[in-house]
Amino acid sequence: MRLVNRAAAACGLACLPLAWATAAVPAVPAAAPACSKPVYLSFDTGHMGVAPLVADVLKRQGVKATFFLANERTQTGGSSLDDTWAPWWRERAAEGHAFGSHTWDHGSWQADLPGGALRVKPSQGPQAGQVQVLSAADYCAELDRPAARFKAMTGQAMSAIFRAPGGKTSPALLKAAGACGYTHVGWPPAGFLGDELPSDPFPNAALLKKALRDIRAGDVLVAHLGIWSRRDAWAPAVLEPLITGLKARGLCFATLREHPQYRAAATTAR
């Protein structure tokens, strides 16, 4: 499957420190019916404003998703992985969703540097907006922090999968992550659901119509638990009609534990 970064997908819309465990990730609590034409819905963290709604829709529709966790600023002044949100994550873990790392401070890749170092720019944390230079070991630590926090909150292990902020990767970044046991998960053009695009040129109705037209079996779909820059929130208007519309087309939903390319990593614990 051809994967693209977030910028490329948007354009399409417009025109070691820590060793990893090898134990299995906890199994889905209840066996689900066979899914012959799956799509793989995933959510990155954000300001968490729509997180309760997302959870309600997934539960009502019987859909399991994959969540990628970073410690992002929330609308209530805390962060997405703080104690306020720990019960929410515990509930999702108990429901059988899958979980991966999105780095701790949501640092977007900018350049590969000599010696395997990476230039990144975090959007969260004490150095938000400042360029950082991370060694390969530093980058692994950024991936491991959400995994450790998730286990502390839920008692479950996170999967050995990650999504780089913005979907931006490089040879050095993938090598660094692979050396500490992580596999990157991107998405195809149709899987970019557009919830972080500006509302005026990309209204919710148009995003829904495009998704229902273009998504095919096997696609990884990406959305967020809240986007600061979008005026008209995507999830309240689009998420449930998207799920019901894809089901009506004969598609079904699975986590990345069932994805043929990512199954091994998504069933390996961090």
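A residue counts as buried when its relative accessible area is under 20% and as exposed when it is over 50%, with partly exposed in between. In this predicted model, both Cys-140 and Cys-180 are buried by that criterion. Cys-35, in contrast, has a relative accessibility of 28%, and therefore counts as partly exposed.

**Overall composition**

The protein has 270 residues, of which 54% count as buried. Its secondary structure consists of eight helices and 10 strands. The accessible surface amounts to about 11,400 Å², and carbon and sulfur atoms account for 56% of this area.

**Disulfides**

Two disulfides are present in the structure. When the bonded cysteines are numbered in sequence order, they pair as 1-4 and 2-3. The geometry of each link is set out below.

| Disulfide | S to S distance | Torsion about the S-S bond | Handedness |
|---|---|---|---|
| Cys-35 and Cys-252 | 1.9 Å | about 110° | right-handed |
| Cys-140 and Cys-180 | 2.1 Å | -95° | left-handed |

The disulfide of Cys-35 and Cys-252, with its S to S distance of 1.9 Å, links distant parts of the chain, its two residues lying 217 residues apart. Cys-35 is located in the loop between helix H1 (6-14) and strand E1 (38-44), whereas Cys-252 belongs to strand E10 (residues 252-253). The torsion about this S-S bond is about 110°, so the link is right-handed.

The disulfide of Cys-140 and Cys-180 is left-handed, with -95° about the S-S bond. Cys-140 lies in helix H4 (residues 136-154) and Cys-180 in the loop between helix H5 (171-179) and strand E8 (183-184), so this pair ties together parts that are 40 residues apart in sequence.

**Nonpolar core**

In soluble globular proteins, nonpolar side chains tend to be buried together. The largest nonpolar core of this model comprises 72 residues. Within this core, Leu-41, Phe-43, Phe-67, Trp-89 and Ile-215 touch the most other members. Helix H7 (residues 234-248) gives the most to the core, contributing seven residues.

The surroundings of Trp-89 can be described individually. Leaving aside residues up to four places away in sequence, Trp-89 touches Phe-67, Leu-69, Leu-81, Phe-99 and Leu-225, as well as Met-48 and Met-153. The contacts of Trp-89 also include Thr-45, Ser-80 and Thr-154. Phe-67, one of these contacts of Trp-89, is itself listed with Trp-89 among the core residues that touch the most other members.

Key. Residues are numbered from 1 along each chain as its sequence is written. This is a predicted model: local features need pLDDT of at least 70, side-chain atom pairs count only at pLDDT 80 or more; totals for chains, interfaces and linings use all residues. Side-chain values use heavy atoms; hydrogens and water are left out. Helices (H or I, at least four residues) and strands (E, at least two) are DSSP runs, numbered from the N terminus. Buried means under 20% relative accessible area, exposed over 50%, partly exposed in between (1.4 Å probe, protein chains only). Accessible areas come from the Shrake-Rupley method with a 1.4 Å probe; for residues, only the protein chains shown count as cover. A disulfide is a pair of cysteine sulfur atoms within 2.5 Å. A nonpolar core is a set of buried Ala, Val, Leu, Ile, Met, Phe, Trp, Tyr and Cys residues joined through side-chain atoms within 4.5 Å. Contact means heavy atoms within 4.5 Å.
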